[in-house]
Amino acid sequence: MVEIRSVPTPDLRQTGFELRGLAGGSARCMFDADVPLDQSGQSWLAASLPILMVAGEDAVFDDALEPIAVAGAERAQSILREWNPTLHRVIIEADQAAPGEPVEGVGCFFSGGVDSFYSALTLRDEITHLIFVQGFDIAIDDDQLAARALAGVQSAARELGKQLITVRTDLRAVSDRWSPWGEEYHGAALAAVALLLADHVGRVIIPSTFQTDDAVPWGSHADLDPLWSTSRVVLEHHGVDLHRSDKIGAISADPIALRHLRVCWQQENGEYNCGRCSKCIRTMAVLQAYGALEACATFPSTIDSSPLRQVRRPKPYEVIDARSILALLKARGVRDRALRRDLRGLMIRDSRVWQTARAVRNRIRRRR
């Protein structure tokens with residue numbers, strides 16, 4: 001049985017929790033922000049549950065939990081176990097907390113990327129706060145890149161007329177030891193941050209990664225995100241009506257997005273967008289199709305798609321994206337032969353035949 005307890009802090013802008021009794025030893029995660037954080041412990045259920053399901057450990061929470069949160073967590077377990085049958089069902093023990101009242105603010109997670117810009121622009125009249133987190137896609141110790149990304153987000157928030165909340169956490173440093181970030185964990189991590197902001201926002205938008213037709217098991221999902229809600233914070237998964245290429249098209253005429261768009265995860269040498277990784281190239285291809293690449297201040301004005309040939313095991317979302325981009329390039333009459341060839345290569349390398357042939361070839365090489 002793992003004990004989950006809040007870490008007392010002298011500053012209301014800081015909080016954290018401990019998992020005591022894990023097989024690999026205790027773990028502690030901390031959060032700090034530029035606004036006061038909720039100290040009730042409601043966030044720790046979302047933050048710990050995927051870890052516990054991998055570890056196969058039941059849990060007792062020192063903080064009282066709302067019945068709506070526990071019920072949502074039970075449904076979340078069912079979905080996660082349907083996606084990954086190796087996960088264990090966790091028994092949750094906690095006193096019952098009384099429900100609270102939500103505040104009127106509406107938050108939206110905002111990294112400066114395609115999905116978050118689309119949600120922020122589409123729901124601009126409803127959103128009051130944008131939420132930027134260091135420690136998720138930007139490493140907790142990469143202060144140089146975080147400073148550059150934050151400067152862009154601050155400018156975008158100012159131009160959009162929204163209050164920006166910044167949160168810094170080492171949560172991923174712990175979660176990555178147990179739960180795969182993309183496939184299982186990051187939606188729960190976003191939920192944990194959202195629930196910590198209960199005194200500022202009563203509804204929080206989580207921008208979607210996939211369109212409904214292309215949805216795959218993923219840590220942030222339309223079926224999963226709302227289940228982390230409490231009486232004080234309702235989580236909403238937004239943007240499933242459009243594919244990523246369509247979202248880029250929707251924001252490609254917006255000058256704020258073109259000044260501050262950031263999608264890169266390679267982050268070589270602290271670059272805002274490297275222009276060479278798969279994600280950058282795919283984004284640039286769509287901007288080019290819409291005639292907006294040269295106007296986008298955060299990318300090179302021309303595309304070198306050759307790095308796509310080095311992607312030997314494309315992720316499902318890369319293949320989905322490549323298929324959509326090829327259709328878009330054809331529909332808009334873009335005749336970049338090299339780009340089309342390299343996008344088709346991503347799709348070919350996803351095939352089972354190609355993967356099997358590559359595995360056999362590698363075994364033969366190892367034997368030699």
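A: What follows is a conversation about the sheet, some helices, the aromatic rings and the cysteines.

Q: Before the fold, what sort of model is it, and how are residues numbered?
A: This is a predicted model, in which local features need pLDDT of at least 70 and side-chain atom pairs count only at pLDDT 80 or more, while totals for chains, interfaces and linings use all residues. Residues are numbered from 1 along each chain as its sequence is written, and side-chain values use heavy atoms, with hydrogens and water left out.

Q: Okay, what is the strand order in the sheet?
A: The open sheet is formed by 10 strands in the order 5-4-1-2-3-8-7-6-9-10, with mixed pairing. Strands here are DSSP runs of E with at least two residues, helices are runs of H or I with at least four, and both are numbered from the N terminus; two strands pair if DSSP finds at least two bridges between them.

Q: And which strands stand at the edges?
A: Strand 5 (92-93) and strand 10 do, and each has a single partner strand, so one side of each is left without a neighbour in the sheet.

Q: What does strand 6 pair with?
A: Strand 6 (residues 106-109) is joined by three bridges to strand 9 (residues 203-207), running parallel, and C108 stands opposite I205 there. Three bridges also join strand 6 to strand 7 (residues 129-134), again in parallel, with F109 opposite I131. From strand 6 the chain passes through helix 3 (residues 114-122) to strand 7 in a right-handed β-α-β crossover, which is to say that, with the strands pointing away from the viewer, the path from the first strand over the helix to the second runs clockwise.

Q: Switching to helices, which residues of helix 11 are buried?
A: In helix 11 (residues 337-349) they are L339, D342, L343, G345, L346 and R349. Seen down the axis of helix 11, the buried residues fall within an arc of 150° (taken from the directions from the helix axis to the C-beta atoms), so they line one face of the helix. R337 and I348, on the other side of helix 11, are exposed.

Q: How does helix 9 sit in the structure?
A: Helix 9 is largely enclosed by the rest of the structure, because 10 of its 12 residues are buried; among them are C280, R282, M284 and L287. Helix 9 reaches 17 Å from its first C-alpha to its last, close to the 16 Å expected, the expected span being 1.5 Å times one less than the number of residues.

Q: How many aromatic pairs are there?
A: The count comes to seven, with rings of Phe, Tyr and Trp (its six-membered ring) pairing if their centres lie within 6.5 Å, and with planes under 30 degrees apart called stacked, over 60 edge-to-face and the rest tilted. One of them is the tilted pair of F136 and W181, at 5.0 Å centre to centre and 55° between the planes. That pair links distant parts of the chain, F136 in the loop between strand 7 and helix 4 (143-160) and W181 in helix 6 (residues 181-196), 45 residues apart. F136 is buried at 8% relative accessible area, and W181 is buried at 15%.

Q: Why is the W218 and Y317 pair edge-to-face?
A: The ring centres of W218 and Y317 are 5.7 Å apart and the planes stand at 70°, so the pair is edge-to-face. W218 counts as buried at 12% relative accessibility, whereas Y317 counts as partly exposed at 30%.

Q: Last topic: how many disulfides turn up?
A: A search of the whole structure finds zero disulfides, a disulfide being a pair of cysteine sulfur atoms within 2.5 Å. For C296, the closest cysteine sulfur is that of C280, 10 Å away and too far for a bond; C296 counts as buried at 2% relative accessibility.

How values were computed:
Buried means under 20% relative accessible area, exposed over 50%, partly exposed in between (1.4 Å probe, protein chains only).
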